[in-house]
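Take a first look at this protein.

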Amino acid sequence: MNNAIYNFPVPTNEAVLEYRNGSPERIALEKELQRQSESCIEIPLIIGGKEIKTGSISEVRMPHNHQHLLAIYHKATEKEVEMAISAALDAHRSWADLSWTVRASILLKAAELIGGKYRALMNAATMLGQSKNIFQAEIDSVCETIDFLKFNAYFASKIYEMQPRSAFNQLNKMEFRPLEGFVFTVSPFNFTSIASNLNMAPVMMGNTTVWKPATTSLLSNYYLMKIFQEAGLPEGVINFVPGSGAMIGKTVMASPDLAGIHFTGSNATFNQLWGGVSANLGNYKSYPRLIGETGGKNFIFVHPSASAKEVAVNAYRGAFEFQGQKCSAVSRLYVPETLWQDVKSELLAVSTDARMGDVNDAGNFINAVIDEASFDNIMSYIHYAEKAQDAEIIAGGRGDKSKGYFVQPTIIVTTNPRFKTMEEEIFGPVLTIFVYPDAEMNQMLEICNTTSPYGLTGAVFAQDRVAASQMCEYLRYAAGNFYINDKPTGAIVGLQPFGGSRASGTNDKAGGEFNLIRWISPRTIKETFQPATDYRYSYMME
Ligand code: NAD
């Protein structure tokens, strides 16, 4: 028995390695890239700790070289989804009963494995399977994944410290129960770290999960699952179930034991899940918690006092890193007329310099978009802009899917602040710019605030600090993550808790206490030392 009260220190964020040519980390990564490129693995389901092969097979291919097969994977049928639900429910009691410090130690061990012996493996799988360059893979699959794991252990320790006061003659306690039932986790393709966190945040708080990974990020997600197991995760705590989202979602939502959904992905999918829960509401044992982080139509708003170079560099990085496939990516830019020529020439200079291609060539800033459906969707927006009277493409505009799904970083300038590509999430390398008359800045702020249904990230650039502050106030609900003189991507766990409202989700701020609190259902326990022995109160005795 160990009844000590533990202290978890505030973690430090994982350092991003540089991967310079010839560095030990670069050599290890290149070796691993080659190893994974030369093999084709078989990805099973993992339910109750056991590998299951259904024989219903599909393929994982490199987005930047779609002839290259990386893996085949087995898809779940309804039977396996039911098995996963049972396994999660069976594991619930013992996982919840386990000391939370043991649960935390499993998260910390997983972080250690990812930062050490599996660093190259996680990076290579994310680079090859999701077409990220070295830097984008490192900040996601290694650094952010580790940060989520370590900070969640720390934030859980802070939550567990919160106890009510005890008055005279009584002892009050709060027990932080996990939700009763299982949590359905549904992850997107674009961040390996999000897939990890969607599971490990509820798991840290004592929950068990049924995990539906995105089919386009299965390589890294499968390795993650294996690492969790190696870190000591007991069987059934996370059940890895690739397959059709619609079928898995439908089966899961029919279960009376659904206790919560932890989702990141598109607005449309989250709406479907919410609708499914509403339709089944009478069947559940508890009201399922619905936590979803969804799309964005993120902006940079430029004040006339801003530096044109800073605006251009940050807009370029914010819009085009990882091919614009970040929920936080900049996709609309408002520039005052007086700065426009300078911003434009800086943007075009970067555009001609930045290269696109295979992830194995470290000189490439931009790689491929995730799959053919995404390529076609992005190109349809570009073709729309090509034909429009009120828009002009000033950079990029071409795509080529013959070998990989490559879309040139594309910059559109429009004279219509409500042009289609100013309003809709494209989720690709497309930035649309509206140039406004300086004297109409206040009207433009209102247009910026009301142009899209989303409210995820946004930035203002201004050297006039008072103006920046006023813009920040005005745009209060336009973004859940707001930046002053910085690009609105690249939030770091523990430093900028992440999430947005409006159509961007429930804003439960991944990677912090706000999110973890959603995965518990506290029980208050009062013990009285002098129980009443007379039904009458004092005033009745006279
Ligand atoms: P998506 O909605 O297409 O898919 C997300 C997941 O949902 C996948 O695993 C998919 O298979 C599954 N799914 C699809 N239909 C389903 C259904 N009916 N039932 C159950 N599951 C279903 O999203 P995506 O293309 O993987 O990711 C891109 C989207 O994610 C963008 O809109 C982006 O803005 C958003 N995103 C948001 C954040 C954030 O923090 N706000 C972070 C990353 C990505």
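Predicted model: local features only at pLDDT ≥ 70, side-chain atom pairs only at ≥ 80, totals over all residues.

Residues are numbered from 1 along each chain as its sequence is written, and side-chain values use heavy atoms, with hydrogens and water left out.

Q: How many helices and strands does the protein chain have?
A: Both are DSSP runs, numbered from the N terminus: helices are H or I with at least four residues, strands are E with at least two. The count for the protein chain is 16 helices and 23 strands.

Q: What is the radius of gyration of the protein chain?
A: This radius is taken over C-alpha atoms, and the globule rule is 2.2 Å times the number of residues to the power 0.38. For 542 residues, a compact globule would come near 24 Å. The protein chain agrees, with 25 Å.

Q: Which share of the 542 residues is buried?
A: Buried means under 20% relative accessible area (1.4 Å probe, protein chains only). In the protein chain, the buried share is 55%.

Q: What distance separates the end C-alpha atoms of helix 6?
A: The expected span is 1.5 Å times one less than the number of residues. Helix 6 has 13 residues (192-204), so it should span 18 Å. The distance in the model agrees: 18 Å.

Q: Why is helix 6 described as largely enclosed by the rest of the structure?
A: The reason is burial. Helix 6 is largely enclosed because its buried residues number 13 of the 13.

Q: Which residue with positive phi follows helix 6?
A: Its phi is near 100°. The residue is G206.

Technical notes. Buried < 20%, exposed > 50% of the residue type's maximum accessible area, 1.4 Å probe, protein only.
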